[in-house]
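Please examine the structure shown here together with the notes that follow.

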Amino acid sequence: MITDAAGAPPVAPAPPSPANGRKRRDLAPLFLLSPAGLVLAVVTLAPIGFLVFTSFTDYNQRSLFTGAYRSVGLDQYTDLLSSGAFWAALVRTVLFTAAMVAGSVLIGMGVSHLLTRLGRRMRYTVTVVLIVAWAMPNVASSLVWNWLFQPGYGVVNWGLDQLRVFGDTTSADWTQDPARAYAVIWLLIVWQAVPFIALTLNAAETQVPREYLEAARMDGATELTVYRLITLTHLRPTLLLVTILSVIWDYNVFNQIWLISRGGPGDATSTLGVYTYKTAFVGFHIGQGAAISVVTTLLLLGLTALYIRRLLRSGEDL
């Protein structure tokens with residue numbers, strides 16, 4: 001038997017406290033996530049904080065060179081909410097977003113259902129085409145789209161002229177008429193959005209139990225009734241999700257509008273994104289532009305929260 005100098009047996013070390021071990025284990029994920037968290041804080045939270053701070057100042061072109069600015073409190077927000085141009089841009093944004101979301105979701109639903117009716121080879125071909133269209137950068141596609149509708153040499157103008165229905169359209173400038181400018185931008189954004197929506201809905205539609213569809217057809221239901229009562233019921237969670245994403249993306253559209261019409265003619269196609277850019281980086285009222293960005297973000301967060309609340313109340317999982 002091993003004893004110490006005093007002849008007493010050695011005392012075994014006390015086992016580690018479960019609480020201490022659990023505390024160390026609980027802190028381990030924080031240490032592992034801290035590098036990513038620091039990067040997100042630097043590239044996301046810090047710019048947002050500076051944006052909010054700037055919205056309470058008179059930051060302008062002079063401030064960019066001298067660094068001098070002063071706090072103006074809520075004056076930027078007061079001026080913004082009393083500006084007719086802001087409310088006009090907000091109305092245009094809401095209406096145009098609704099039109100883009102409705103068009104892209106409805107067409108995406110149609111393409112998704114079409115994919116379920118195609119043979120394997122044709123389905124793969126259409127899927128590849130959709131992925132290629134979706135992967136194209138929106139700046140590049142916007143420039144190409146602008147060339148298609150150019151007066152004088154645009155392919156679309158030439159094609160319409162060949163139909164001999166609308167008269168001479170070779171010199172038609174689509175961006176000089178508000179309705180036609182909106183039509184060109186709407187077609188471009190919907191064309192870019194449909195691939196993602198169609199492929200996402202098709203992935204969900206292929207999971208609809210086939211026995212439900214066959215049972216409904218055996219009971220005499222038409223294809224439209226089967227799609228409305230069975231397929232759409234199973235697609236509801238995915239449909240709500242892609243709608244939320246479409247609202248967020250279309251609400252923040254800037255590149256396509258700026259590259260095609262620059263918000264014109266006049267301010268006819270100036271949505272909140274274009275209005276913010278013109279205020280902050282054309283007029284160099286950077287503090288006012290920051291206030292517009294904050295208000296725009298809050299409106300979008302509120303709208304998104306309503307969709308998420310509705311989704312959660314329906315008892316569906318995201």
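**Note on the salt bridges**

1. Lysine 278 counts as partly exposed because its relative accessibility is 23%; buried means under 20% relative accessible area, exposed over 50%, and partly exposed in between (1.4 Å probe, protein chains only). This is a predicted model, in which local features need pLDDT of at least 70 and side-chain atom pairs count only at pLDDT 80 or more, while totals for chains, interfaces and linings use all residues. Residues are numbered from 1 along each chain as its sequence is written, and side-chain values use heavy atoms, with hydrogens and water left out.

2. Lysine 278 and aspartate 267 meet through their side chains in a salt bridge (3.3 Å, N to O). A salt bridge is a side-chain nitrogen of Lys or Arg within 4 Å of a carboxyl oxygen of Asp or Glu. Aspartate 267 is also partly exposed, at 45% relative accessibility.

3. How many salt bridges does the structure hold? There are seven salt bridges in the structure. In one of them, arginine 117 pairs with glutamate 223, and the closest N and O atoms are 2.9 Å apart. This pair links distant parts of the chain, 106 residues apart: arginine 117 lies in helix 4 (residues 84-117) and glutamate 223 in helix 10 (residues 223-251). Helices are DSSP runs (H or I, at least four residues), numbered from the N terminus. Glutamate 223 is partly exposed, at 37% relative accessibility.

4. Aspartate 177 forms a salt bridge with arginine 180, the closest N and O atoms being 4.0 Å apart. Aspartate 177 is partly exposed at 27% relative accessibility, and arginine 180 is partly exposed at 35%.

Key
Helices (H or I, at least four residues) and strands (E, at least two) are DSSP runs, numbered from the N terminus.
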